[in-house]
Amino acid sequence: MIRRNTIPIENYAWTEKDAGTYFCSFFSVFGHIVLLIFLLLAPLAYVQAEEARTDDEPRIALVLQGGGALGIAHIGVIKIIEELGIPIDIVVGTSMGSIIGGLYSIGYTSADLESLVHDTNWLNLFFDNAYAFNEPIWERMDKSRYFSSFIFDRNGIKLPNSLLSDHKILSYFDILTLSESTPSNFDSFPRQFRAVAADVATGERVVLSSGSLPDAMRASMGIPGIFAPYYVDGRYLIDGGIVDNLPIDVARELGADFIIAIQLSGTSQFSDEEINRSPFAAVSSSIDILIYQNIRHQLDAADYVLHIDLDGYQAGDFLKSEEILTIGEETARSHLSDFLGVKQKILDMGRREEEGIVEKPSLAPVDLITVKGGDEGTRVKVHDQLRDLVDQNLETQSLLNFLSNLNNRGNYQSLRLSRFIQEDGRSALNLRLGEQEKKENQIMIGYSSASTYSDSINSKDIISAAFVFRGLFTSNSKFTVGFDMNAQPGLSVSFLQPLGQAFYLNLGYSASTENNIYLSNSLDQYSFQFRRSSSRLEIGFAPSPYYDFIVGYRHDTTDIEEDSEMTTVPMLTGEFNILTLDSFIFPQSGIYFNAIFNYVIPNIEESHEAKIFETSGSVVIPCFIDPVSFELEWQGGTDFSIDGDDTAVAPSGFKPSLRNRRMFPGEMYAAERTGSYVAGMSVMGKYHINWRSKDLGVPIFALLHGAMGYTFQNRDDIRHAEDYRYWNADWGMGIRLNDAFGIMLRVGMSGGFVDDATKGFVAVDIGSFGVR
C-alpha cells in the first residue's frame, strides 16, 4: 500500500507571518477576502463529466493543486518524477497548477520550468505600467501631473474590475505556448491536459479541454478581485480553486489508472493575539478551511498524495518563487522511497518506464504572418517588424519586448499572438491587435512637495485634483476643471477639441496664488505672494505623438506682492515641443525640448512692446553599462533688452527664469533666479541600483548631479559672466513609484553671487517633480 503524506483538517491553516513585501501581503489577504465572499454565495455545481479515454497500457495522471505562488513547488516535484523515469500521461491542474501543468503537458521539462521561474520578473508581469507613446504630447503632459486617476460616468465612480491587469500575463502565455496551434485539442498534447475553472455566474466547475491553451491557463488562475473574470465560450470564468482546487476526480474521469496528487498547505495556527489584532487572520483561516473542503473529499481517490508544507509562505509570494521551488524539490526528495514505491507499482501494473524526457517541442517554421486589427498602416508596419523577429529566430524575451513596445505605442486593450495551421497545411503566426483603450471621464489626483533646508527653510506642498469630461460638448472633446490646494491654491479650466487628425483647438483660463515662505535660522520669517491669471486661445498642430507646434493669444495678469505691482500683458505666442522621454520621473532614455516665443502686443491696456524667448529641455543618454544613464538638462531665455531701463524689458513676472528644482534645488535669491538673460545647464548621472532585481518592482536610483547657471539683468553684465554665476553640486537617492510620482533626496553644496557664499543644503522632493 502506498503511504499517503496528507494533513488532517484540524491542523490546516495558512500563516500570515513573514509577509515579505507589502505587495505580496496585500495580494494574498485581498484575494482571500474576495474568495470568502464568493464561496459563501456561489453554489458548488459540476458540469457533466467527460468520457474517459481508453488505452492499452495503464495511464498515469499528475494532479496539481492551485495556490498562487505556492504552486511553483510543483516544479520541484516534477524534477524528481523525471529523474526517476515515472511516466505521466495525463496532467490536470487548477490555477497555478494549470499553468505549470499546461506547460508540462506540451513538453516543458522541469529544467525549462525552473529557468522560467528564475528569469521571470513577476511584478513586471502583474503590473501594466505601459507608457503610452501613441498619445499626443498634451495628454502625456497631463499625466505627468497626476499620479492616480479614477474613471466615472453618470452613475458615479467606476472602480476597476480587478486590481491587476492580465495584458502582460496573456502575452507571456501566448509566447510560451507558440509551439501549439490555436485552437487545440488538449488530448493531442504529449500529455493529455485539463484545466479547471469556475463559472462566476453559476458557480459551476468548468473543465477546459480544448481551444486556446493560454486562455485555459488564464481562466483557471482568475482570482476574483485580483484578476478580472475571463470570457471563454460564452462564460465568464474565475479561479477554479473556488470549486475544485485539487481536481483528482477529473483525472479519474479521463481514465487514469494511477493518480499522483500534489497537495499544498501550511500547518501553522494563528495565535490568539493575531486573531484579536486583525480581522484578516480569521478571514484568511476561514478561506483556507472552505477551499480545503473541496479538496478533502477527493484525497482518497488518489493513489498517492504528496503533501508539501509551505508554512510561512503565501499565495502572493512570487518574490520568493525560487525558495518555494526548492522546498518542493526537497520535500519530494525526502519522500524518495515513496516515489520509488509509486514507480514499482506502476511497473507492476504493466506500464513501461518513461524512456527519456519528453522535450519541449520547437516552433515549426513560420510560413505566413498575419496581423489583424488596427488600421492598415499599423498592420503593415507591425507585420514587417514581426517578420524581422521571425527571421532572427523567435525568442521569448525578444517577443515580450516587441509586444511591450507595441503596446506602449498603441495602448491596446489586448495583444494576442498565436499560431495556427491553414487549410493548405502552412504554419501561420497571427498577431491580433485589440481595440485601443477608450478615453473616459476621469478624476485625477496629483501631489507635489518641494523642501530645501539650508540657511533658510523653504517648503511647498501642493495637492491637485482635476475632473476630465470626454465628449461633453462636442465629439472627442476634452473639458478639464482643475484645482490646486495648500501652498498654491488655484483654479484652471480648459476645453480642448481635436480638429481632424493633427490639429486641435485649446481654450483655457487659470488663476493661482503662489505663497512663498522662508524661515531663517534665527526664526525670522520672510514671505511673498505671486498671483497670476491667464486666458488663452491656441491652435495646435501635432502630426506625430512625439512633437507639436502651438500658436495662440494669451491675456495674462500678474501681481507680485513684494513689488506692489499689477501687470496686464496681452501676448501672441508660438511654441514647439518634442517629447520622447520614457518616463517623467528619472527618465533613462529620450528627449524633451521646449521653445516658446512671446510677443507682448503694445498699446493694449498700457502695455509696451516686448519679446521674450525661453527654452528648456533634456537629453537622456543610456550608457554602455546597462543600469547607468546621463541626463543633460538646460534652461535659458532672454527678453532682448539692453539694460534694466530699456522699454523692451519684459514685464514683471514674465522675465526668463532659472526656477527649476531638478537643476537648482539649493537656496536661490530672486536676482539669481530671474533676469533679462539667463542660461543654465546641469548633468545628472543615474545608476539604477536594482536593475537586475526581481524582488522589488520600483526602480531605485543613486544620483550624482551638478549644475551651473548665469543670470544677467543687463546685456553688459555678460562681459563679466563670472560675477553672475550660480552653481550647485549634490548627490542622493531616488525612487520612481510611477511616471508621475517619485521620491528624491539630495544633499549638496551651492554657491551664488548675491552673498558670495557657499552653503550646504538638503533637498527633498516628493510627488510629481518630473513635470516639464
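Guide: Two strands pair if DSSP finds at least two bridges between them. Strands (E, at least two residues) are DSSP runs, numbered from the N terminus, as are helices (H or I, at least four residues). This is a predicted model, where local features need pLDDT of at least 70, side-chain atom pairs count only at pLDDT 80 or more, and totals for chains, interfaces and linings use all residues. Residues are numbered from 1 along each chain as its sequence is written, and side-chain values use heavy atoms, with hydrogens and water left out.

Let's settle on strand E16, which spans residues 427-433. This strand is mostly covered, with six of its seven residues buried; buried means under 20% relative accessible area, exposed over 50%, and partly exposed in between, using a 1.4 Å probe and protein chains only.

Now for the partners of E16. Strand E14, residues 368-372, pairs with E16 in the parallel sense, and five bridges link the two. Within this pairing, look for Ile369, whose bridge partner in E16 is Leu429.

Strand E15, residues 415-421, runs antiparallel to E16, and the two are joined by seven bridges. Here you can find Leu415 standing opposite Leu433 of E16.

Finally, follow the chain from E15 into E16. These strands form a hairpin with five residues between them. In that hairpin, Gly425 takes a positive phi near 90 degrees.
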